[in-house]
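Work through the exercises below with the model open. Each task is followed by its solution.

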Amino acid sequence: MHYDTELQFFQQILKNMNVHVRILNNSLEQIPECEPDLGLRHLLAPDTDTRKILYQFPFVCEPNNIYRVLDDFLCSYILFQLPDTKETPYVLIGPYTLTAISQKDLLDISQKFSLTREQLSQLEKYYHNLVLIPHEGTLLSILNALGERLWGSIDNFSLVDVENSIVIALEPIPKNSVIKKTEDPFLSMKILEERYAMENQLILAVSQGQAHKAEMLIGSMSSQWIERRIANPVQNLKNYLIICNTLLRKAAEHGAVHPLYIDSLSSSFAYKIETILSVEAGISLMKEIVRKYCLLVKNHSVKNYSLLIRKVMIRINTDLTADLSLKTQAQLLNVNSSYLSSLFKKETGMPLTEYVNRKRVEYALFLLNSTNMQIQTIAQQCGIPDVNYFTKIFKKLIGKTPKEYRSKIQ
């Protein structure tokens with residue numbers, strides 16, 4: 001197919017968004033059990049063979065149409081045939097939800113299909129495992145770009161909105177039907193396994209300082225994904241954020257960040273968590289927590305250094321106003337000065353004095369950008385009482401004097 005590369009790229013994008021996408025053909029044997037809706041109808045009616053629903057798709061889909069479907073369970077799907085093929089494969093995207101499923105939504109669905117309390121509980125767990133896409137425009141933009149590649153132009157295909165149509169044949173469970181009791185532990189295990197797997201991926205990404213990966217993972221989560229342990233949604237999210245803060249503390253520790261930095265960041269987030277007043281604010285804070293722990297690892301991890309050099313770097317980073325000379329550092333660590341100097345340069349690529357100067361200038365830049373302190377005061381805060389010497393070091397590394405730098409940013 002002339003669009004293989006674009007199709008694979010499209011699949012990867014949806015995978016990163018945590019949206020299920022499958023390419024299927026009209027062979028019933030090749031269709032996994034419970035695939036169309038990720039097991040929803042099988043969960044409520046175990047005797048339903050949902051593969052037969054999928055088997056009908058190629059025969060009811062019109063070419064050059066992209067079907068956007070909303071079913072009676074508020075689950076959305078996208079379905080279309082792939083052109084220029086002999087076997088008429090088709091793409092099934094979803095299910096996903098466009099809005100967070102509220103308790104009212106759950107009760108309405110339960111009443112409509114006469115679900116038992118046990119079935120309602122399982123349905124709620126099912127929704128916890130669905131991705132929420134509150135802004136579908138991004139997904140449709142990506143889909144339109146693929147459509148232009150598949151059919152040559154945006155004018156050559158149509159987007160068709162469907163609700164409970166034979167096009168997708170995802171019929172609801174018959175009202176008042178006899179529904180067998182399903183195995184709740186199996187569903188619970190599956191949901192927990194997926195949740196823990198995603199959390200483990202997040203912990204690994206943070207421990208490596210991979211902000212782009214961590215933010216992608218957190219972007220696929222939502223308040224709906226978080227298990228409702230109590231009725232109050234804001235307090236429920238607060239409880240999860242406390243867990244998240246604790247998990248990412250350990251992730252930063254695995255990333256070889258000193259507890260001094262971790263504790264400072266963790267404490268600031270503990271305060272922020274207590275002050276959130278809405279679910280939206282909680283989701284925003286969750287993203288901030290993930291991003292800043294990644295930055296913490298990126299900026300303060302010492303995992304690539306020996307224990308001796310780690311101790312030196314941590315002392316430098318925690319107190320720039322201390323005596324950080326090579327002689328003093330060696331005496332404190334009870335090692336030979338020449339040995340420490342040689343080892344430090346070997347592992348960091350620069351002499352210890354240069355490393356100290358760079359850290360002091362970095363902090364000076366922060367103070368120049370964020371405060372109105374006098375330059376002499378900044379020099380003292382950075383551990384260099386002699387303002388002329390401070391200016392000399394600053395200009396050597398930045399190319400401007402502190403005064404020139406401040407004038408520029410003002």
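Axes are lines fitted to C-alpha atoms, for helices over the stretch in contact, and angles run from 0 to 180 degrees between N-to-C directions. Helices (H or I, at least four residues) and strands (E, at least two) are DSSP runs, numbered from the N terminus. This is a predicted model: local features need pLDDT of at least 70, side-chain atom pairs count only at pLDDT 80 or more, and totals for chains, interfaces and linings use all residues. Residues are numbered from 1 along each chain as its sequence is written, and side-chain values use heavy atoms, without hydrogens and water.

**Exercise 1.** Describe how helix 15 packs on helix 17.

Step 1. Helix 15 (residues 352–370) and helix 17 (residues 387–398) have axes 10 Å apart, at an angle of about 90°. Helix 15 is therefore roughly perpendicular to helix 17 (the class for 65 to 115 degrees).

Step 2. List the contacts (heavy atoms within 4.5 Å). Helix 15 brings N357, R358, V361, A364, L365 and L368; helix 17 brings Y389, F390, I393, F394, L397 and I398.

**Exercise 2.** Which residues join helix 12 to helix 14?

Step 1. Helix 12 (residues 307–318) and helix 14 (residues 337–348) cross at roughly 90°, their axes coming within 10 Å.

Step 2. L308, I309, V312 and M313 of helix 12 meet Y339, L340, L343, F344, E347 and T348 of helix 14.

**Exercise 3.** Is strand 2 mostly covered or mostly uncovered?

Step 1. Of the 6 residues in strand 2 (residues 65–70), 5 are buried, so mostly covered (buried means under 20% relative accessible area, with a 1.4 Å probe, protein chains only).

Step 2. Strand 2 pairs with strand 3 (residues 76–81) in the antiparallel sense, over 4 bridges (pairing needs at least two DSSP bridges). V69 has Y77 of strand 3 as its bridge partner.

Conventions:
Parallel < 35°, antiparallel > 145°, perpendicular 65-115°, else oblique. Buried < 20%, exposed > 50% of the residue type's maximum accessible area, 1.4 Å probe, protein only.
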